[in-house]
Amino acid sequence: MSQQKPLNLSFDPIDRAAESWRAHFGPSAAMAAVTSVMRAHQILLSQLDSLLKPYDLTFARYEALVLLTFSKTGALPLSKIGERLMVHPTSVTNTVDRLEKSGFVRRLPNPRDGRGVLAEITSAGEDVVRRATADLMAAEFGLTMYAEDELQQMFDQLRTLRVAAGDFPASVMRQDEGHGGLL
């Protein structure tokens, strides 16, 4: 998997920043955690976009195609795509524009809403999703260093943040008997 060039630093810059933070401002756990999450985002996005580049996809475009693949008809209103991917309408428009230029989706009038537009996955889009997904799965989405239970713990930890941000109510979280409560 193509990746960013390793930094090969002789120290952990986030840990060093946390030490300085503590000396200047006080407790640093939240700052260190958020900085680590932001760095992890940079690393993963770079790795995933590198894997998807041969398919003329970014991870954002890949997600949109997968969402269309999961839909019953292979088509969704642009507003629904934005809602499900949790992105701004302008981002959806740009994403669909690029997918359309690549021949992976086509725009159609929404028969349920005279003003609305549907994005529909094409057979070329279905093919590229299959091939790109195989590569992403083989690379374990860039998370090969984690065991399955660690990935589940990571999901659970980050889900708490998403609930607190109002992405969805805690009441819709699934019951997981292995954890003995709501996740």
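The legends below describe close-up views of a predicted model.

**View 1. Confidence along the predicted model.** The protein has a mean pLDDT of 91, with 92% of its residues at 70 or more. Helix α6 has the highest confidence, at 98, while strand β5 (residues 181–182) has the lowest, at a mean of 40. The pLDDT is below 50 over residues 176–183, and this stretch has 15 contacts in the model beyond near neighbours in sequence.

**View 2. The span annotated in UniProt.** An unreviewed UniProt entry lists residues 27–160 as "domain: HTH marR-type". In the model this span is 64% helix and 10% strand, and its end C-alpha atoms lie 21 Å apart.

**View 3. The largest nonpolar core.** This core has 27 residues. Those with the most contacts inside it are Leu 52, Leu 57, Tyr 62, Leu 65, Leu 68, Ile 81 and Leu 99. Two or more residues each come from α2 (29–52), α3 (59–70), α4 (78–85), α5 (89–101), β3 (117–121) and α6 (123–138). The most is given by α3, with seven residues.

**View 4. The surroundings of Leu 65.** Leaving aside residues up to four places away in sequence, Leu 65 touches Leu 57, Leu 99, Phe 104, Val 105, Ile 121, Gly 125, Val 128 and Val 129. Leu 65 and two of these partners, Leu 57 and Leu 99, are among the residues with the most contacts inside the largest nonpolar core.

**View 5. Helix α2 and its cover.** The buried residues in α2 are Met 31, Ala 32, Gln 47, Leu 48, Leu 51 and Leu 52. Their cover includes α1 (13–24), α3 and α6.

**View 6. Helix α5 and its buried side.** Val 92, Thr 95, Val 96 and Leu 99 are the buried residues of α5. They lie on the same side of α5, because they cover an arc of only 95 degrees around the axis. Among the elements that cover them are α3, α4, β2 (105–109) and β3. After α5 comes Gly 103, with a positive phi near 85 degrees.

**View 7. Thr 122 between β3 and α6.** Thr 122 lies in the loop that joins β3 and α6. Its relative accessibility is 9%, so Thr 122 counts as buried, the cut-off being under 20%. Not counting residues up to four places away in sequence, Thr 122 touches Gly 103, Phe 104, Val 105 and Arg 106. Two of these, Phe 104 and Val 105, are also touched by Leu 65.

**View 8. Positive phi at Asp 56.** Asp 56 is in the loop between α2 and α3. Its phi is near 60 degrees, a positive value in a residue other than glycine. Asp 56 counts as partly exposed because its relative accessibility is 38%.

**View 9. Positive phi at Phe 141.** The loop between α6 and α7 (148–164) holds Phe 141. Phe 141 is a residue other than glycine with a positive phi, near 55 degrees. Its relative accessible area is 29%, so Phe 141 is partly exposed.

Methods. Residues are numbered from 1 along each chain as its sequence is written. This is a predicted model: local features need pLDDT of at least 70, side-chain atom pairs count only at pLDDT 80 or more; totals for chains, interfaces and linings use all residues. Side-chain values use heavy atoms; hydrogens and water are left out. A nonpolar core is a set of buried Ala, Val, Leu, Ile, Met, Phe, Trp, Tyr and Cys residues joined through side-chain atoms within 4.5 Å. Buried means under 20% relative accessible area, exposed over 50%, partly exposed in between (1.4 Å probe, protein chains only). Helices (H or I, at least four residues) and strands (E, at least two) are DSSP runs, numbered from the N terminus. Contact means heavy atoms within 4.5 Å. pLDDT is the predictor's confidence in each residue, from 0 to 100. UniProt positions are given in the numbering used here, feature names are shortened, and annotations may be inferred rather than shown by experiment. The arc is that of the directions from the helix axis to the C-beta atoms.
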